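Please look over the sequence and the model shown below before reading on. The paragraphs that follow lead through the structure step by step.

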Amino acid sequence: MTDLPLAGFVAVSAVLLGIGLFGILTRRNFILLLIAIEVAMNSAILNFVVFGSYWNSISASSVEGQSVAVVLIGLAATEVAVGLAIVLALNRSRGSINVAEATTLRL
Amino acid sequence: MTGPLSVLFGWAFLVPLAPTLAFVVIGLFGRRMQRLEWGGWVAVGGALFAMVLGVLIAVGEMLTPGSYTDRSFQWFTLAGSGTGAFPNGFSLVMGTLVDPLSAVMLIVVTVVGFLVMLFSIDYMHRDSGLPRYYAELSLFLASMLGLVLADNLLQFFLFWELVGVCSYFLIGFYYQRPAAASAAKEAFLVTRIGDVLFLLGIFIYFQQFATAGPALGWAAAGFPFVYHSAPFLAGIPISNPTLFTIAGLLILGGAAGKSAQFPLDVWLPDAMEGPTTVSALIHAATMVAAGVYLLAITSVFIGFSATDQLAIVAIGGFTTFWAATMALVNRDIKRVIAYSTVSQLGYMVLAVGAGFTMVGLYHLFTHAFFKALLFLAAGAVIHAIETQDLFKMGGLRKTMRVTSIGFLIGGLSLAGIPPLAGFFSKDDVLGGVYLAAQSHPLYWPFFALAFLTVFMTAYYIFRAWFLAFSGDQPRDSTLPQAHEPPWTMRLPILVLSALAVVAGLLAFVPQFGGLFAAGARFPPTPGVPPSYSATDLLLSGVSVGLGAGGILTAYTLWGNGRVFTLDARSAAQPIRRLLLERYYVKAGVDWFGLHAVYGLARLADFFDQYVIDGTVHGFERLFAEFSLRLRRIQSGVVLDYAAYVVAGLAVFLLFFFVIVPAIPALGGG
């Protein structure tokens, strides 16, 4: 890793989380919602990688952070697969993928 | 001491057991016993067995004068610890006691019980619900016999409550009629007042017996009515005489409730809503006499203080007069006899209070027969013409010969005309009270009241007889044609007529009279058989004269179909109305109930509705409102939930990174 400051990476991660949260709270299209979730999730993955690398640079050699990041990427893929399945089911049952209209969870 | 029939004394428990079995059998299978009159003949069978065994035991008791046979088992025992309310511990027993008192009662209860059961067969035939009737009547008979044979006050009380509840059931037999249902409730509640007092009295006696009893030679086992040469109170130093006086008054309260003595007398006339057979058995001969029997066993086994005796004399003497006045004007044949019962029970209470316990019991014995006779004869009339109104009857002696003669014999006996049963016993009561009043001047007014009542008694019962049986034909021509009842009804009337004639003379049979002599084991000695001093003969003469005068007055006013009508402007009209309205006691009780008690109940209801329920419902409504508002956040929209999650996260971050560091107590600052 180069000598770029740690704070810069964390700031990028925070920005990504902000964009993701903004997308989650404002998008009504389920697919855009899923993308926003992915963005937020990638901010978390970036954090793992950054801190893993930082830890590696100051002491023992380890790849824990990066390993977790790989697992998380797999997890994110799984989540998207489940999410897309829900999108398909929703579209098939209601003819729309607008999440604001899917209110059958209401008491 | 043993006699030829003493072996039966140990088997006395079979006497109540037979009707109990009848009760169980009828209760379980009565509805399938159509051919046995829906259990009627089973009940008659149980009563017959009880009568045969009961009378044999009574005869056995006569043959072994003064014997006391107590067969009991320990119910439970509590060992004494030397301190506390029961330093000697106590035990409760159940058992049977055959003694002169219970022998007399055995005869009364079993004989009248059997005859009434037999009478019921045809009298009740047209009614529905007969299995219930016969089961309850059998249960009553069993309980009454258990009461009569009880060997301790606790067992006595248990059966006392049982007869009370049977009385409630049977008064309310026609429960579809509001009057009957209300009379049943009234009887139950009014006697309940007495029962509570009685129970309190038992507590006091029980405590005193369990502590002082063993030291005085009484059995350590609680308080059975064990044989003893003197009653508990006589000749022993009593630590707390006031307590015993109070206990005696409480016992008197219980007896007054059961025996319908003033002021707990209102229920008995209303109890006439039950079938006439029930009135004859329960409300004339047996259950209402239980109060007198209670006073008798209390005075024999425990004893009353002088104050108690005066209270008993006062209540008995006053009730005699009080009830008789109300009988003077009543139109209902059963109610006239019911008032008469209250009045006659007053004589018994009076005698017991004056110290002539066995004389009171003797009057109970004769009264049971002639009063049951009067009721059954009235029942035959009601059965035939289906009305109880004396002013609709008339001329029935032509169509109902046996009944009219039975009623006449009962009436003559009640009026105290020699040589019928009522003469001897009433004469003994009056003689006894006269004797007691010599040394207790406070008894005089009550003696006077009881003496005056003799005239009224003869008058009201013959007013009823003349109204119902004399004259040419019924005053109400729409009544059904009267007819002589069938043999099941005639036989009890004939047997009771015979008993009403000879029951008084029986006292002259030494063995039978001995029952009454042996039972009273403390002075003053009872006057049975009657003594023949000059004063006594004079008293008898005057009382017979009063009785005859009453009959003559009744004949003048009501004889030969005459109807005496009081002038509307007569000064006696207010008195007549007062008597018809039962001295406004019932109206007063109703007023009190409707205004005072009901008002209190409404106040309590208000408190319950608006304060207690108001609080509960208030909280309920508060949470309901809150929940209704809160549930709106459950929109079902995923985006909203996401917003809540983010908001929650924000609050969490705010708390840990802004608030906690700012507060020193939480480790910040």
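This is a predicted model: local features need pLDDT of at least 70, side-chain atom pairs count only at pLDDT 80 or more; totals for chains, interfaces and linings use all residues.

Apart from its neighbours within four places in sequence, Val292(B) is in contact with Ala255(B), Ser259(B), Leu345(B), Met348(B), Val349(B), Val352(B), Gly360(B) and Leu364(B). Val292(B) also belongs to the largest nonpolar core, which has 213 residues. Together with Ala372(B), Leu373(B) and Val381(B), Val292(B) touches the most other members of that core. Which helix gives this core its largest share? That helix is H13 of chain B, residues 357-385, which supplies 20 residues.

Attention may now turn to a pair of helices in chain B. Helix H1 of chain B covers residues 14-29, and helix H2 of chain B covers residues 40-63. Their axes come within 8 Å and cross at roughly 175 degrees. Angles over 145 degrees count as roughly antiparallel, and therefore H1(B) is roughly antiparallel to H2(B). On the side of H1(B), the contact is made by Leu14(B), Val15(B), Ala18(B), Pro19(B), Leu21(B), Ala22(B), Val25(B) and Ile26(B). On the side of H2(B), the residues include Val42(B), Ala43(B), Phe49(B), Ala50(B) and Leu53(B), as well as Gly45(B), Gly46(B) and Gly54(B). Sorted by class, the contact of H1(B) with H2(B) has 14 nonpolar residues, three polar residues and no charged residues.

The next subject is chain A. How many helices and strands does chain A have? There are three helices and zero strands in chain A, and the order of its elements from the N terminus is α-α-α. The C-alpha atoms of chain A fill a box of roughly 55 × 25 × 25 Å along the principal axes. For a compact globule of 107 residues, the radius of gyration would be near 13 Å, whereas chain A has 18 Å. Of the 107 residues in chain A, 11% are buried. When contacts in chain A between residues at least 6 apart in sequence are considered, 49% of them join residues at least 24 apart.

Finally, the two chains may be viewed together. Where chain B meets chain A, ten residues of chain B are in contact with ten residues of chain A. The side of chain B that touches chain A has six nonpolar residues, three polar residues and one charged residue.

Terms used:
Residues are numbered from 1 along each chain as its sequence is written. Chains are lettered from A and ligands numbered from 1 in the order in which they are written. Two residues are in contact if their C-beta atoms, placed from the backbone, lie within 7 Å. Ala, Val, Leu, Ile, Met, Phe, Trp, Tyr, Cys and Pro count as nonpolar, Asp, Glu, Lys and Arg as charged, and the others, Gly among them, as polar. Axes are lines fitted to C-alpha atoms, for helices over the stretch in contact, and angles run from 0 to 180 degrees between N-to-C directions. Helices (H or I, at least four residues) and strands (E, at least two) are DSSP runs, numbered from the N terminus. Angles under 35 degrees count as roughly parallel, over 145 as roughly antiparallel, 65 to 115 as roughly perpendicular and the rest as oblique. The radius of gyration is taken over C-alpha atoms; the globule rule is 2.2 Å times the number of residues to the power 0.38. A residue is buried if 20 or more other C-beta atoms lie within 10 Å of its own, exposed if 12 or fewer, and partly exposed in between; C-beta atoms are placed from the backbone. A nonpolar core is a set of buried Ala, Val, Leu, Ile, Met, Phe, Trp, Tyr and Cys residues joined through C-beta atoms within 7 Å.
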